Amino acid sequence: TTRPENPSQHSSPWPPPRYGCHTLSTGPSTLDDLKHYHEMLATIRDNVARLKSAGRSVEETVAANLREAFDDQWAKAIISPAFFTRFV
């Protein structure tokens, strides 16, 4: 993606992205954060795979609240926990 030289050239109704910083997400910012983030992703992925192989539907998988143990830290992101589970 190329960015305009002049921010006033940004034609989107949304504010221009701030490149080179963590303002676009609430993702990990330290090595420890990255390790916890990886643990969360791997745990939810494994739990979704387990329910999928057991024949559960997407709605049943979302209703199982597989990410509940991680909601305190990660549910504040722009992506809702239910959408995230569907995405996995």
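A salt bridge is a side-chain nitrogen of Lys or Arg within 4 Å of a carboxyl oxygen of Asp or Glu. A search of the whole structure finds one such salt bridge. The structure is a predicted model, in which local features need pLDDT of at least 70 and side-chain atom pairs count only at pLDDT 80 or more, while totals for chains, interfaces and linings use all residues. Residues are numbered from 1 along each chain as its sequence is written, and side-chain values use heavy atoms, with hydrogens and water left out.

**The salt bridge**

Side chains of opposite charge can pair when their charged atoms come close. Here Arg45 pairs with Asp46, and the closest N and O atoms are 3.0 Å apart. Arg45 is partly exposed, with a relative accessible area of 48%, and Asp46 is partly exposed at 44%. In these terms, buried means under 20% relative accessible area, exposed means over 50%, and partly exposed lies in between (1.4 Å probe, protein chains only).

**Overall architecture**

The protein chain has four helices and zero strands, and its pattern along the sequence is α-α-α-α. Helices (H or I, at least four residues) and strands (E, at least two) are DSSP runs, numbered from the N terminus. Buried residues make up 17% of the 88 residues in the chain. The accessible surface of the chain comes to about 7,100 Å², and 55% of this surface belongs to carbon and sulfur atoms. Such areas come from the Shrake-Rupley method with a 1.4 Å probe; for residues, only the protein chains shown count as cover. Contact means heavy atoms within 4.5 Å. Among contacts between residues at least 6 apart in sequence, 48% join residues at least 24 apart.

Helix α1 has 23 residues and reaches 33 Å from its first C-alpha to its last, close to the 33 Å expected at 1.5 Å a residue. The expected span is 1.5 Å times one less than the number of residues in the helix. The buried residues of α1 are Met40, Ala42, Ile44, Asn47, Val48 and Leu51, and they pack against α2, α3 and α4. An α-helix has 3.6 residues a turn, so residues three or four places apart point the same way. Just after α1, Gly55 takes a positive phi of about 90°.

A nonpolar core is a set of buried Ala, Val, Leu, Ile, Met, Phe, Trp, Tyr and Cys residues joined through side-chain atoms within 4.5 Å. The largest one consists of eight residues: Met40, Ile44, Val48, Leu51, Leu66, Phe70, Trp74 and Phe84. Helix α1 (residues 31-53) gives the most to this core, with four residues. Phe70 and Glu39 are 31 residues apart in sequence, yet their C-alpha atoms are 9.8 Å apart in space.

Thr85 has its place in helix α4 (residues 81-87) and is buried, with a relative accessible area of 3%. Val62 lies in helix α2 and is likewise buried, at 13%.

Val62 and Pro81 are 19 residues apart in sequence and 8.6 Å apart in space, C-alpha to C-alpha.

Ile78, Ile79, Phe83 and Phe87 form a nonpolar patch on the surface, with about 510 Å² of accessible area together. Patches are made of residues with over 30% relative accessible area and no salt bridge; like charges are joined within 9 Å, and nonpolar side chains (Val, Leu, Ile, Met, Phe, Trp, Tyr) within 5 Å. Phe83 has its place in helix α4 and counts as partly exposed, at 45% relative accessibility.

Most residues other than glycine have a negative phi, and most peptide bonds are trans. Asn65 has a positive phi of about 50° although it is not a glycine. Asn65 lies in the loop between α2 (58-63) and α3 (71-74) and counts as partly exposed, at 31% relative accessibility.
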